[in-house]
Amino acid sequence: MKTYDLSELALRNLRESSLRNSLTTIGISVGVASLVAMLSLGIGLQKLATRHLAKSGLFDTVVVTSRRELRGFNRDDERSTASAAESRTLDEPARQEIERLPDVLEAYPDIRFITELSYQNKTHLTMVSGIPDSARSNDAFTGIPGSFFSSETAPEVILQKSFALELLGKTPPPGHEDDVPVRELAKPLLGQELVMRYAQRVSAPESAGENTPAKSGASTVSESDAAYSVISREQKLNIVGISDLDPDSMRGAARARVFLPLKLAQDLRVMQPSDVRDSMRGFSKQPSYSTVSVRVRNPKNVEAVEQAIKKLGFNTFSILDATRSLRQFFAVLDLFLGIFGSLALAVASIGIVNTLVMAILERRREIGIMKAIGASDGYVKKLFFAEAGAMGLLGGVVGVALGWAIGHIINLGTNIYLKRQALPPESFWSVPWWLVGAAIVFAFIVSLVSGLYPAARAARLDPVQALRYE
Amino acid sequence: MTINPDQSNSPNGAPAIRIVDLCRHYQMGEALIRAVDGVSLQIQPGEFVALLGSSGSGKSSLLNLIAGLDRPTSGAVIVEGRDLAHLSREELAKHRLRTVGMVFQSFNLVSRMTLAENVELPLRFAEVDRGQRQSLTRQALERVGLGARMTHRPSELSGGEQQRAALARALINHPRLLLADEPTGNLDSHTGTEIMNFIREFNQSLGMTIVMVTHERALAERYARRMILLADGKLVDDRPNNDRPHEDQPNPAAVTASRQRERR
C-alpha cells in the first residue's frame, strides 16, 4: 500500500516534467541498448562460432589411433601405454566395438593414401581420403558448387579448391588463393573424369572371397595366409564437386585434397602405410586402420567417450582443449563488450543524477512545502528514489527493446552484405532471456544508485530556506 | 524585557506552547543575526494569539521554531509537553504532520498538483489508506467551500480560494495547533476577512490553538484574544486584547473535545 502510494506519486511527478524526464529515460535506454546490443552480438558470435565448429566436426569428433601407431597426439598416452607391441590392433572388430559404445553416433576408419591422379593426361600426386556419408552436412560440403556424392560407393570425387587450381594449371601467388572464386573453378571441372592410380592390397586366396574388392578385375596372387599382394590399379572418377573449405583442417601435414566416398575408398583396398608395419607382426585377414574417427552424439559426451575408448586400449585425441581456450576468448570478448556497454550506461547514470539534481533545484519549494506540512526526510528520500527507480525501470525496458532492434538491424545489414558476397545468411546476434532480465535489473539498480545522492540531498533540504525563495 | 505570560484563560493546567529563553541566531557573513533573542512565553490551549511586529522583528522565525521547521540556537520550545529542541528530524516531521497545521502568506500549495492532491498530501505522509484519503480530502475541501474545485490546479484559483485550500490541508490531520504566517498578506480585505472568519471558526468550534503572525495591528485587534509584540527578536509587549467582542471567547468544551480527539 505504502510502496504503491509512493510509486504512484513518483510516476505522477515524472509525468509532470515529461520532457526532461523522458530525455533522461532515453539516455538510460541508449545506455541499456548499447549494453544489450553489444552483449547480444558477443553471444551471437559465440553461438555462431560454436555452431560452425560443431558442424565442422571438431567438437564432436574423437580421433582414435592404435597405440602401435607410436605417434600419439598426447604425450600422456605414451606414458600410460605398457607396451606398444602388446596393444590392440585398430581393425574392423575394434571399430565395431567402438561404434557400440554409448553416445557414439558412428565410427569410421580414416582411409587416406598418397596417390597419382591424372587429369587430361597430366599426372598429379596428392593425398586422397575417404569421406563418410555423414559429412554431407559438414560445412565444407554444404553449398559447394556441384554436389555431394550420389551414393556411398559411387565412383565420384570432390576436389579441394587448391587441387582444383592445380588441375587447371592456375597457381595464384601464395596467400592469394582466396582471390579465385570457387565457382569459377567448378565450371570447367564438374563432370570431368579423373583417373586414379593406386596400389591395391590383395589378400591371400582363402580370404579373398570375403575381401575381394568390388571393382577389382585383377587376378590375385596365391600365397600363404600370411601374405598379401600389392597390385597397381586404376580407377576412373567423376568430379562432382569442388569444396572451398578444408574439412580436413585438423590433420595438418596429412591433409587430403581429393575426397572419395568412404565406402568406395574402403572397397578399393588401397595399400595403407600401416599395412607394412603390420606385416612385421604377421598378417591378419582384415586390414587394420591407422586411425578411426568417432562422432559423438553431443560435444558434452566427448570426454566420457574418450575415456571409454582409452579403456579399450587405444589412444584418443579430441579438440576439447582447443575449445576451452576458444571459450575463454569469447568470455573475454563478452567482458569487453559488456564494459563498453556499461560505459554507455554510466554516461546514462550521470544523466539521471543530473536530472534528479536539477529536479531538486526546480522543486526546492515543493520539497520545502512537503517538509513543512509533515513529510519526513525518509519520505522525500524515498520519493526521489522511486522517481529514479521508475526512470531506470522504464529506461531499461525501452533500452532492451532498442538494443534488440539495433542487434536485429545489424544482423539484417550483415546478411545483406553476406548475400552480396554470395554467402549464406547467418545469425550473428542472440538475445537470451537472462540478458533481457539482467539488463533491466542492471538499469534499475544503476538508477537507484544514481538516485542516492540527489535523494539524500533533497531529504536534507532545509524547509525554512526552501520556502524563503519566492 | 520579559513579561509573564497571561495564564488567565487556561482551561486546563498545562500550556499548549511553552517557550523558555528561546534564541535563534544566524551567522550571515560577518554579522550575527539575532532573529529570536531570549523570548519566553506560554500559550494556553484554545488561545488565539497574534504575533505582531515589523518586518525582521523575528515573529516568523518564532513561528518556524514553534512549527518545528527550525531548531533553536538555545532555549526550549515545548509544544504539547515535548521540547522540540530535543526531537530527532524524524520526530520533528511527525510534529509538523500531526501536532501543527500551517498556513502561509504565499499559500504554498504545490503548483503541479490539483487541490485534492495538495490537501491529500499530509494524509499520504501519515500513510492513511487510499479510500479514506479521498473521503477525508473531499470533506475538508467541502468544509472550506471548495468541493467543486477539487481537480483544479492552484493557478486556476483566486488567492482566497488557494488560502482556503491551504487551510483545508492544514486541518486534514486534525492538529490542535494552527500556525498562520501572514495568512491574509496576499489577499484583499474582503477575502482576508473570509479567511480570518474560517480561522476564528476553527478556534471557536474546534478549540484549536491559533498562533498568527501579522504586521497588521487592526487585524490582530479584530480577531486575536492576545497580542504579543516582538521587536529585534525580543518580546516587547504581551497583553490580552480587551477590544475584542465578548462573544468571541473560545468555547472551553471545544478545547476539551480537541484534546480528547488527540488522545484517541
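Me: Leaving aside its neighbours within four places in sequence, which residues is B:Val36 in contact with?
Reply: This is a predicted model, and in it B:Val36 is in contact with B:Leu22, B:Cys23, B:Arg24, B:Gly58, B:Ser61, B:Leu62, B:Leu65 and B:Gly233, once its neighbours within four places in sequence are set aside.

Me: Where in chain B does B:Val36 lie?
Reply: Strand β2 of chain B, residues 31-43, holds B:Val36.

Me: Is B:Val36 buried or exposed?
Reply: A residue is buried if 20 or more other C-beta atoms lie within 10 Å of its own. B:Val36 has 31 C-beta neighbours inside 10 Å, so B:Val36 counts as buried.

Me: How many residues apart in sequence are B:Val36 and B:Gly56, and what is the C-alpha to C-alpha distance?
Reply: They are 20 residues apart in sequence, and 9.9 Å separates them in space, C-alpha to C-alpha.

Me: How do I read chain B as a whole?
Reply: Start with the elements: chain B has eight helices and 10 strands. Then take burial: of its 264 residues, 50% count as buried.

Me: Is B:Phe107 buried or exposed?
Reply: Count the C-beta atoms again. B:Phe107 has 24 others within 10 Å, and therefore is buried.

Me: Which residue of chain A can I read in this way?
Reply: Take A:Arg269, with a positive phi near 50° in a residue other than glycine. In chain A, the loop between α8 (262-268) and α9 (273-279) contains A:Arg269. A:Arg269 is buried because 25 other C-beta atoms lie within 10 Å.

Me: How many residues does the contact take from chain B and from chain A?
Reply: The contact takes 20 residues from chain B and 20 residues from chain A. On the side of chain B that touches chain A, α2 (89-99) and α3 of chain B each supply at least two residues.

Me: Which element gives the most to the side of chain B that touches chain A?
Reply: That is α2(B), with five residues.

Me: How many nonpolar, polar and charged residues has that side of chain B?
Reply: By class, the side of chain B that touches chain A has nine charged, eight nonpolar and three polar residues.

Notes:
Residues are numbered from 1 along each chain as its sequence is written. Chains are lettered from A and ligands numbered from 1 in the order in which they are written. This is a predicted model: local features need pLDDT of at least 70, side-chain atom pairs count only at pLDDT 80 or more; totals for chains, interfaces and linings use all residues. Helices (H or I, at least four residues) and strands (E, at least two) are DSSP runs, numbered from the N terminus. A residue is buried if 20 or more other C-beta atoms lie within 10 Å of its own, exposed if 12 or fewer, and partly exposed in between; C-beta atoms are placed from the backbone. Two residues are in contact if their C-beta atoms, placed from the backbone, lie within 7 Å. Ala, Val, Leu, Ile, Met, Phe, Trp, Tyr, Cys and Pro count as nonpolar, Asp, Glu, Lys and Arg as charged, and the others, Gly among them, as polar.
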